Amino acid sequence: MLGRVWSASLVGIEAVKVGVEVDISGGLPAIVVVGLPDTAVQESRERVKAAMKHTGFGVPMRRIAVNLTPADLRKEGPSFDLPIAIGILAASEQVSPQLLGDYLFLGELSLDGSLRPVPGVLPIAAAAKQQDITAIVVPEENAKEAALVEGLEVYGCQNLSEVVDLLEKPGSVAPVRLDEPVEAKLFHSNLDLKDVKGQAHARRALEIAAAGGHNLIFVGPPGSGKTMLARRLPGILPPLTFAEALEVTQIYSVTGLLKGRGALVRDRPFRSPHHSASGPALVGGGTYPRPGEISLAHRGVLFLDEMTEFKRDVLEYLRQPLEDGYVTVSRTKLSVSFPAQFTLVASTNPCPCGYFGDALQACTCSPAKREQYWAKLSGPLMDRIDLQVMVNRLKPEEITRQTMGEASEPVRERVIMGRERARHRFRDEPALQCNADMRSEHLRRWCELDDSSRNLLEGAIRKLGLSARATDRVLKVSRTIADLNGDENIRPMHVAEAIGYRTIDRMQ
């Protein structure tokens, strides 16, 4: 007899519906799996046999052929254990095949028949809903994650016996319901801006970066507070919308990093890869690509501490995602795209010794060494960084002062109001979330300059040698400054402040 069961496989962060067909025929006892299974899927044969035996089900002593369709799609991971087991039970008439059509099965089996969690359940549940699957059966630990998809019945089971009871005795297992609203909550970071003394110029740049989604680099000597400032950016960002939270949760689900974060990722990601990270670690890779650090930072912050210590070719990988908001990873057998809309925050010393331009300690680097040091940051990459800020070390009296800086909460409120002004302006452009997302056509529409502002910007272009891309970045920052000030139009003061954040352009 033939048993048919539905499951799913992941291609990048997208899910593809997979049919699991099981045929039992004469011949020597064996389980043969075909349909481009990887090693983990091949090994499911032993896990399925042991799980069925320990839960009281018989394994037919005949030849069992398992076909995973479509045959040209690579099948990875242990998530096919449960659908293969159910297919064998249906083909051997231990479960009625008529009960299986409306379900999609997913889960890894332990040898004792218990179900273990698997990655990627949320995008698979979303795909199941789109393809008219009415119910999905998953391990109990994955149930709340799958229940985020509205209109889909989700059943979380602890073992194979519970799954069979669900099929034969409807109502024996209740569908999972979320015990709290799924709307994303405001994330309260333990890292508060009030801990930062002084550095008014850098704090202002941080606020502008949060309000407009602008990329930012801090340049300064060791101990000036660059890293401390950067790590406080998530605390002043607006909360994730529910749609954004679902996007982030899908990425973390696919990469297996959702454990310990609950069913829904509620805080904006903050990723800080080490400077020894490779290109594939940053953008994603592997024979069958998985998301990298820049996709894990989607809708959040990617922090590159000591940016000039990264390899130049690794940094160049950032150019496309910074411009397009996604990254495409191509391999011989497939090409996948991952979302990568993040705010880049970087920090670096001004020279190898770290003290070029410092008022308290003399630099020991030669001009040639400084030039070689900065050569790692190409012109096209720096053009994509909107805010370039010099951070000086505090004076002794500033270090010993007991007064605290402004806390994150009022700054966050200003950031939210600035973003609300931008969203109102972009109400007919759903693809635009903040000012940093604007393209050339949007700049012409919403960043119109008066004569004074235009003359000021033209002078800066001539003096600093700004490229067309860098000029667009200045316009975007000017628009954000105007939003924070509550101004409808860009004024010369907004343009002047935006030009002031081109520190590296002025150094070169």
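Below is a chat about a predicted model of a single protein chain.

Visitor: Hi! What are the average pLDDT and the share of residues that score at least 70?
Guide: Hello! This is a predicted model, and the chain averages a pLDDT of 91, with 97% of the residues at 70 or above.

Visitor: Which elements have the lowest and highest mean pLDDT?
Guide: The lowest mean, 62, belongs to helix α22, residues 503-507. Strand β6, residues 108-109, has the highest, at 97.

Visitor: And how many helices and strands are there?
Guide: The chain has 22 helices along with 18 strands. Its C-alpha atoms fill a box of roughly 85 × 45 × 45 Å along the principal axes.

Visitor: What share of the residues is buried?
Guide: Of the 508 residues, 52% count as buried. The chain exposes about 22,300 Å², and carbon and sulfur atoms supply 50% of that area.

Visitor: What about contacts between residues at least 6 apart in sequence: what share joins residues at least 24 apart?
Guide: That share is 74%.

Visitor: Let's switch to charges. How many salt bridges does the structure hold?
Guide: The structure holds 23 salt bridges. One of them joins the side chains of Glu76 and Arg290, at 3.7 Å from N to O. This pair links distant parts of the chain, 214 residues apart: Glu76 is in the loop between β4 and α3, while Arg290 is in strand β13.

Visitor: Is Glu76 buried or partly exposed?
Guide: Glu76 counts as partly exposed because its relative accessibility is 25%. Arg290 is partly exposed too, with a relative accessible area of 28%.

Visitor: Which residue pairs with Arg414, and how far apart are the N and O?
Guide: Arg414 meets Glu207 in a salt bridge, 2.9 Å from N to O. Arg414 sits in helix α17 and Glu207 in helix α7, so the bridge ties together parts that are 207 residues apart in sequence.

Visitor: Why does Glu207 count as buried?
Guide: Glu207 counts as buried because its relative accessibility is 7%, under the 20% cut-off.

Visitor: What does Arg116 bridge to?
Guide: Arg116 forms a salt bridge with Glu108, and their closest N and O atoms are 3.5 Å apart. Arg116 is partly exposed at 43% relative accessible area, whereas Glu108 is buried at 17%.

Visitor: Which residues are linked in a network of salt bridges?
Guide: The network links Glu323, Arg384, Asp386, Arg469 and Arg473.

Visitor: Now Asp192. How far away is the nearest side chain of opposite charge?
Guide: That side chain is Lys194, 5.1 Å away. Asp192 is buried yet has no salt bridge, because a salt bridge needs the nitrogen and oxygen within 4 Å.

Visitor: So what does the side chain of Asp192 reach?
Guide: The Asp192 side chain reaches the backbone nitrogen of Ser408 at 2.9 Å. Apart from residues up to four places away in sequence, Asp192 touches Arg232, Ala407 and Ser408.

Visitor: Last topic: where is Pro492 found?
Guide: Pro492 is found in helix α21, residues 492-499. Pro492 counts as partly exposed because its relative accessibility is 30%.

Visitor: What is Pro492 in contact with, leaving aside neighbours within four places?
Guide: Pro492 is in contact with Asp450, Ser452, Ser453 and Leu456. Pro492 and Ser453 are 39 residues apart in sequence, but their C-alpha atoms are 4.5 Å apart in space.

How values were computed: Residues numbered from 1 in each chain as written. Predicted model: local features only at pLDDT ≥ 70, side-chain atom pairs only at ≥ 80, totals over all residues. Heavy atoms only, no water. Buried < 20%, exposed > 50% of the residue type's maximum accessible area, 1.4 Å probe, protein only. Lys, Arg positive; Asp, Glu negative; His and termini not counted. Polar contact = N/O pair within 3.5 Å; in protein donor to acceptor, adjacent residues only side chain to side chain. Contact = heavy atoms within 4.5 Å. pLDDT = per-residue confidence, 0-100. Helix = DSSP H or I, 4+ residues; strand = E, 2+ residues; numbered from the N terminus. Areas by Shrake-Rupley, 256 points an atom, 1.4 Å probe, with all protein chains shown as cover.
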